[in-house]
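Biologist: Please put the model up, and then we can go through its parts in turn.

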Amino acid sequence: MSTVKLTVNGKAVSADVEDRTLLVHLLRENLNLTGTHIGCDTSQCGACTVHIDGRAVKSCTVLAAQAAGSNVTTIEGIARGDELHPMQAAFRDNHGLQCGFCTPGMIMASIDIVHRYGGKLDEATVRHELEGNICRCTGYHNIVKSVLDAAGRMKVAQAAE
Amino acid sequence: MYETTYHRPSSIDEAAALFSKGKEAKYLAGGHTLIPVMKQRLASPSDVIDLGKIKELIGVEPSGDGIVVKAATTHYDVATSDTVKKALPALAYLASLIGDPAVRHRGTIGGSLANNDPAADYPAAVLATGATVKTNKRTIAADEFFKGLFSTALEDGEIITAVSFPVQAKAGYAKFPHPASRFALTGVFVAKTPSGDVRVAATGASQNGVMRIPAIEAALKANWSAGALDGVSISADGLLSDIHGSADYRANLIKVMAQRAVTAAG
């Protein structure tokens, strides 16, 4: 057992976990942040995507101890109070989800994509960049539309700040 | 996953000392091979020694005749490094094709090489450019480093610290990715040194892991063009054959990927 200290969604947290604990289990079971999903558990599906120090990673393939000292952001940490993050709002407006299981990972991966590309995103790039996130409902079409819509909204939001 | 003990050393020497103390210790870099294998209970190290936060193992530096990529540098950082893009753009391109974005944020060049998966991308670049693998004990030439499927010249406890890539006159990489895993069904790296020597390496194709392709090297040395490979035929002997592609299919892919790599190299 080790005590793992990290920052999750802006709050300093500490958890006593076995060294073999995965980050996704620490988030879900110790912190009750169950928005981060476990889909495949084999690093393929991306449902468990969170940000560690600003970069999208698959939290099922990171030991909790590896994240000690890091800043972790989950799907629960992106809205501002009642105001959805522009990516969440775009998914809602564009019907970018059906069952919703992959959505937290899709949104975290997509925010990272927009951060890396800025406003220079096109459909082909979004499809390519979403290779690590699997959706079995939508056929991806509306997810891609959502990301492109959100890229515009995030640019506007940034410009306003 | 079986129980294990996690360590986070802050230096290479501390990591090596922890390794020698552990009963069945394993080094962890990005963890994108080791953790999945531990989850499947195919590996059960007593101790996991995290190299991913050791500062002296991270970064890219220009060196006199090339670049030095330190071992714990992530695929994402190699793909986006201005130093790599300027000195050896084919290497940045190769790194940008590994896995998916989340994998590239964690996986490292040292981890990839130490694992030597027969379908990994980096071994092709290291072998084709005649790079040198630096460890905490010695330097190993690319031709001496790869020893077949998942095996390398590394000794027990030895740590890759950096890879030194010599500058090339021309270099290119082309890969036919497995559509689900993005591993190379076959990937070919072609490189021409400033003195005109040509080295070509294929990954994903052979039963023995990464290999050089002498027939393509000879043809490109005589005439550096995709067309020069039209008449070259690659033997299917010793190539992988599985549900994703037969040995004959991979033999053809070696040639086609080499042609695309030459075109990309210009």
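Modeller: One definition comes before the rest: helices (H or I, at least four residues) and strands (E, at least two) are DSSP runs, numbered from the N terminus. This is a predicted model, in which local features need pLDDT of at least 70, side-chain atom pairs count only at pLDDT 80 or more, and totals for chains, interfaces and linings use all residues. Residues are numbered from 1 along each chain as its sequence is written, chains are lettered from A and ligands numbered from 1 in the order in which they are written, and side-chain values use heavy atoms, with hydrogens and water left out.

Biologist: Which residue takes a positive phi just after α3(A)?

Modeller: α3(A) has 15 residues and reaches 21 Å from its first C-alpha to its last, close to the 21 Å expected at 1.5 Å a residue. The expected span is 1.5 Å times one less than the number of residues. Just after this helix, a positive phi of about 60 degrees is taken by A:Gly118.

Biologist: How many residues of α3(A) are buried?

Modeller: Buried means under 20% relative accessible area, exposed over 50%, and partly exposed in between (1.4 Å probe, protein chains only). Among the buried residues of α3(A) are A:Met106, A:Ile107, A:Ile111 and A:Val114. The helix is mostly covered, the count of buried residues being 12 of 15.

Biologist: Which element gives the most to the side of chain A that touches chain B?

Modeller: The contact (heavy atoms within 4.5 Å) takes 26 residues from chain A and 30 residues from chain B. Across this interface there are 12 residue pairs in polar contact, both at pLDDT 80 or more; such a contact is a pair of N or O atoms within 3.5 Å, where within protein one must be able to donate a hydrogen and the other to accept it, and residues adjacent in sequence count only if both atoms are side-chain atoms. β4 and α3 (103-117) of chain A each supply at least two residues of the chain A side. With four residues, the element that gives the most is β4(A).

Biologist: What area is buried between chain A and chain B?

Modeller: Buried area is the accessible area (1.4 Å probe) that two parts lose on being put together, summed over both. Carbon and sulfur atoms give 53% of the area buried between these chains. A:Arg20, A:Arg55 and A:Gln66 supply 29% of what chain A buries against chain B, more than any other three residues. The area for the two chains is about 2400 Å².

Biologist: Which residue of chain B forms a salt bridge with A:Asp41?

Modeller: A salt bridge is a side-chain nitrogen of Lys or Arg within 4 Å of a carboxyl oxygen of Asp or Glu. Between chain A and chain B the count is four. For A:Asp41 the closest N and O atoms are 3.1 Å apart, and the partner is B:Lys39.

Biologist: How many salt bridges lie across the interface of domain 1 and domain 2 of chain A?

Modeller: The domain assignment, automatic or from a database, gives domain 1 (2-76) and domain 2 (86-160) in chain A. These two domains bury about 1200 Å² between them, 63% of it on carbon and sulfur atoms. Seven residue pairs are in polar contact across their interface, both at pLDDT 80 or more. The number of salt bridges there is zero.

Biologist: Why does the end-to-end distance of α11 (residues 247-265) of chain B agree with its residue count?

Modeller: Its 19 residues, at 1.5 Å a residue, should span 27 Å. The distance agrees because the end C-alpha atoms are apart by 26 Å.
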